[in-house]
Amino acid sequence: MHRLRQPAAALAAIVTFATVGTAAAAPTPGELKVGVVADISTLDPQLMTNITDASVSQNINEGLVRFKLGNFEIEPLLAKSWSVSQDGLTWTFELVDNATFHKGYGPLTADDVVFTFERLTGDALKAPNRRLIGSFASISATSPHAVEIKLGAPDPSLLVKLAQRATAIVSKKAVEEKGAGFALDPIGTGPYQFDSRVTGQTVLPVKHPAYWGPPATLDKGTYTPVPVSSTLQVSVEAGDLDMIPVEDSVKLAEYEANPELTVQAVPGLWTRFIGFKDTVAPFDNPKVREAITYAIDRENMVDNLFKGLSTLADGIFAPAVLHRTPVVKYSYDPEKAKALLVEAGLADGFSVDMMVPNTARFIDPATAVQADLAKVGIKINVVPVELNTFITTLSSEQGYPMYLLARGQDPTPDRVIGLWFLSSSIPTTNWARISDPEIDAWVKQGLSTMDEAVRADVFAKAQEKFFAYNGYYFIDHENSITVHHNWVKNFVNDARNSIRIDKVTIEP
Amino acid sequence: MARLALKRLLAAIPTLFGAIVVVFFVVQLIPGDPVRVMLGENASAAEVEEVRTALGLNDPLPVQFLRFAGRYATGDLGVSIFSRQPVAGEIAQRLAPTVQLALGGVLVAIVLGVPMGVLAAARRGTLVDHLCLGASTLGVTVPNFLIGILLSFAFASKLGWFPTLGAGTGGFWSTLNALVLPSLTLGLAGMALVARMTRSAMIEALGEDYVRTANAKGLSQRRVVYWHALRNAAIPIVTIVGLNFGHLLGGTVVVELIFARPGLGKLLLDALLARDYPVVQGVCFLIAVLFILVNLIVDLLQPLLDPRVQP
């Protein structure tokens with residue numbers, strides 16, 4: 001027996017050791033622990049491209065304006081007021097005069113604003129979003145607290161661009177002092193200042209003691225990247241995290257039934273769809289594309305597969321997008337689909353590969369589509385492809401004849417409507433290859449006028465005609481869903497899942 | 001011994017060069033584009049081209065390779081396309097958690113695997129032997145992501161003994177506490193392998209003449225097994241542990257994902273998915289270096305364990 005004693009002793013030691021540390025199942029006063037899916041890539045606002053970076057950064061670096069909490073209305077921030085000339089080409093922004101940068105980097109001045117915009121477009125930084133303010137002809141400081149921006153052409157969505165991360169104001173002095181190291185210690189004017197980061201593990205913004213506006217309500221916020229959804233779930237249930245995003249319908253139902261947790265779901269800025277390359281057989285035949293719209297039961301998909309994770313698409317754009325029109329209407333009628341296929345000369349149906357990115361978000365609906373289309377004689381072979389390879393191929397001359405994907409949008413339609421609808425965007429972003437002079441004219445008119453009534457009218461016409469091509473079959477708008485413990489108060493989720501924490505409190 | 005070490009290190013240089021050539025070109029062969037990842041599916045062709053040119057990604061491959069090889073020759077691993085930080089720094093920050101995890105995995109494999117193998121060999125053919133064999137088969141066959149999720153659910157979520165995620169908050173105990181479940185997850189498959197290898201090496205050793213002599217001298221069973229037989233069975237065990245270290249480094253990717261630990265595996269995976277070429281190249285280079293070093297250590301250990309093996 002004595003030989004067995006050693007493993008037994010080792011086990012006992014492990015158990016004893018295990019009881020030394022215990023996981024916290026209660027809130028930490030003054031601290032919000034947020035679980036995010038992706039790792040932080042950079043904290044330099046001008047270099048940012050992913051939503052996780054933006055979530056953290058919005059608490060640290062402020063823009064001239066921002067979106068109101070929970071929606072996409074613009075409100076003043078570092079610019080207390082602004083005016084625009086009659087021709088829409090000259091914008092003047094008055095800055096607040098009491099904003100100071102973190103860690104003793106001095107007061108915010110118009111020079112910092114000019115520096116930030118020149119930094120974004122300059123060659124030295126090679127910033128990915130440099131084209132965001134490509135319409136700027138010049139920018140200058142007209143006083144220590146006023147800047148004037150001259151545009152080459154009117155830009156109806158300028159304020160939305162100024163509410164985005166790439167245009168958040170940085171301290172000129174700090175950037176010049178720190179160089180590339182600025183991303184490791186970003187200096188802004190926000191309610192929280194950067195404290196520390198353990199790469200791949202946590203980022204910690206702490207309260208900015210000299211904040212110019214209403215003081216931050218938390219002492220600190222900890223953002224932890226957790227790539228595996230089961231770990232996110234276990235961590236929020238154990239209380240190691242206060243708040244996480246939800247992407248699983250079973251878990252969503254569980255959280256909704258749990259009285260200790262609060263679920264906040266709002267329609268997100270995504271539309272999931274099936275796309276066709278309208279220039280290749282059999283999708284070059286409009287009857288085939290129309291037949292497919294009758295063959296898919298998307299209500300069934302949204303009710304029984306997504307179960308609260310998404311909302312049936314009633315527009316090309318998500319509900320929160322300005323000037324979106326509810327043009328999407330389909331009826332499920334497999335018999336009509338079969339009749340249309342007969343008219344198209346495909347009475348025996350056909351076989352086709354449908355490409356999808358290799359995650360459940362796309363494979364699951366693709367499987368449902370496969371079953372529906374099989375009933376009308378269309379045999380789908382679902383081919384999962386790694387996302388980056390997928391997007392690169394889809395955006396190339398080659399493209400995919402049939403695929404399933406979701407597309408993200410902005411609060412204003414300007415950027416995406418140009419990219420998706422214009423014939424000049426074939427093949428990079430106009431994947432269906434829709435080339436229609438009327439749509440082109442409407443879109444160009446809407447993009448170049450400041451008159452919102454005209455924009456609403458021409459964008460609506462463009463959406464209606466674009467939809468009628470059936471180059472895409474729009475399935476649903478994915479929701480932005482967050483679950484948090486009830487001790488987290490005053491948090492408001494939004495369509496971008498942007499996790500603003502300046503008003504959040506922890507109340508055990 | 002020192003001469004052997006030097007000789008092996010010099011021999012490693014062409015291996016490393018071969019590794020970086022392969023890494024450079026294989027990574028470029030993967031379809032996809034880091035700028036597409038950066039700008040998303042809504043970027044226009046002109047935008048993508050502009051950023052690609054600015055980042056030097058439109059230069060011909062041989063030009064890019066020369067730039068890359070020149071940098072490596074001077075010890076510069078380059079700059080990440082996404083974070084714009086030096087790759088060496090990114091790696092350095094994540095090296096410690098991964099090395100801790102890999103060592104933890106090795107420790108679990110040895111501490112649990114060797115006694116299990118010895119026990120099975122000493123009680124060959126009995127219920128104990130069958131139980132040990134069964135446990136090791138289970139260890140090899142159950143995938144580590146499942147083991148990780150089960151351990152996390154039981155010991156972190158339900159019992160609250162260990163944190164569900166992260167690598168601790170900095171202190172020694174916190175780091176150790178956060179290391180237990182990931183190390184177990186990583187080490188169980190290695191444990192099974194070590195147990196099986198130990199068992200067969202021990203069975204062979206226990207049949208040797210010197211064991212019969214030791215038994216005849218009236219030594220205790222424990223002394224015969226641990227002192228005489230195990231020492232002689234150690235060489236194949238050390239070799240298998242060394243070889244297994246490479247598998248453990250690969251296994252850290254999954255374990256780091258499940259326990260949301262920062263580490264090289266996670267860094268490599270993210271970089272691959274985003275086509276962050278400099279980071280992929282840097283991490284692969286480091287893994288090649290680690291492999292070569294571990295093999296060197298195994299080679300150097302063998303003469304210490306068995307004086308008959310000449311350095």
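**Exercise 1. Find the residue with positive phi that follows helix 10 of chain A.**

Solution. Go to the end of helix 10 of chain A; G345(A) comes after it, with a positive phi near 80 degrees. Keep in mind that this is a predicted model.

**Exercise 2. Sort residues of helix 10 of chain A into buried and exposed, and say what the buried ones pack against.**

Solution. Step one: take the helix, residues 334–343 of chain A, and pick out A337(A), L340(A) and L341(A), which are buried. Step two: look down the helix axis. The buried residues of helix 10 of chain A fall within an arc of 100 degrees, so they line one face of the helix. Residues three or four places apart in an α-helix point the same way, because a turn takes 3.6 residues. Step three: turn to the other side, where E335(A), V342(A) and E343(A) are exposed. Step four: name the partners. The buried residues pack against helix 8, strand 15 and strand 16 of chain A.

**Exercise 3. Describe the pairing of strands 8 and 9 of chain A.**

Solution. Strand 8 covers residues 192–198 and strand 9 covers 202–207. The two run antiparallel, joined by six bridges. Q193(A) faces V206(A) across the pair. Three residues lie between the strands of this hairpin, and G200(A) has a positive phi near 80 degrees.

**Exercise 4. Characterise the lining of the largest cavity.**

Solution. Start with the count: four cavities reach 30 Å³ or more. The largest has a volume of about 50 Å³. Helices 5, 6 and 8 of chain B each give at least two lining residues. Helix 6 of chain B gives the largest share, four residues. Now sort by class: five nonpolar, two polar and three charged. Among the lining residues are M116(B), D129(B) and R196(B).

How values were computed: Residues are numbered from 1 along each chain as its sequence is written. Chains are lettered from A and ligands numbered from 1 in the order in which they are written. This is a predicted model: local features need pLDDT of at least 70, side-chain atom pairs count only at pLDDT 80 or more; totals for chains, interfaces and linings use all residues. Side-chain values use heavy atoms; hydrogens and water are left out. Two strands pair if DSSP finds at least two bridges between them. Buried means under 20% relative accessible area, exposed over 50%, partly exposed in between (1.4 Å probe, protein chains only). The arc is that of the directions from the helix axis to the C-beta atoms. Contact means heavy atoms within 4.5 Å. On a 1 Å grid over the protein atoms alone, a cavity is a set of points where a 1.4 Å probe fits but cannot get out, and a pocket is an open set with protein on both sides within 12 Å along at least five of seven lines; lining residues have an atom within 4 Å of a point. Grid points are joined across faces, edges and corners, and a volume is the space filled by probe spheres set on the points. Ala, Val, Leu, Ile, Met, Phe, Trp, Tyr, Cys and Pro count as nonpolar, Asp, Glu, Lys and Arg as charged, and the others, Gly among them, as polar.
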